[in-house]
Amino acid sequence: MPDIRLTEEEIRYATLFESITGVTPIDVVIDNAYSRVIYVVQKNQAALAVGKGGSNVKMLRQIVGKDVEIVEAGDTPEELIKNSLYPAKVIMVKVTKAPSGAKVAITTVAPEDKGIAIGKNGKNIARAKLLAKRYYDIDKIILA
């Protein structure tokens, strides 16, 4: 796991998240390109963080004025990519090196879930790329 330093703004978002959900986030990523805040939480904490019927996410969304997304952490790059593409059914993730030396994750998704994995305007795959780069220095994710 890389040494991630949060900015003051990210720390404020983390504190707000914890006060509303009761869950301490591992990481907070502000993604201005998609007007969202991505919270990374410990394994098995996502449901608690989301709240009954998504109540915590709705409340956070109103307060911060951006989309709020919650992703469970992963011990491996494969697990993190799988978690960040949820609810798409990820069949397999294989991390390899391209001839250029860049790390590439070839991700196989159930055919009926390809649209979910990509997301509206590519926002779900962008989330996976952002987190894979931040945690495991993976340069590219290819959906197969």
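Which residue in β5 is the bridge partner of Val 90? Val 109 is.

## About the model

This is a predicted model, so to speak of local features takes pLDDT of at least 70 and side-chain atom pairs count only at pLDDT 80 or more, while totals for chains, interfaces and linings use all residues. Residues are numbered from 1 along each chain as its sequence is written, and side-chain values use heavy atoms, with hydrogens and water left out.

Helices (H or I, at least four residues) and strands (E, at least two) are DSSP runs numbered from the N terminus. Two strands count as paired if DSSP finds at least two bridges between them.

β4 (residues 90-97) and β5 (residues 103-109) run antiparallel, joined by seven bridges.

## The three-stranded sheet

Next up is an open sheet of three strands, ordered β1-β2-β3 with mixed pairing. β1 (27-31) and β3 (67-72) are the edge strands, each pairing on one side only. From one strand to the next, the twist averages 20°.

β1 and β2 (residues 36-41) are antiparallel, with five bridges joining them. Asp 27 faces Val 40 in β2.

## The helix across it

Helix α1 (residues 8-21) lies across β1, β2 and β3 and runs at about 120° to β1. Contact here means heavy atoms within 4.5 Å; axes are lines fitted to C-alpha atoms, for helices over the stretch in contact, and angles run from 0 to 180 degrees between N-to-C directions.
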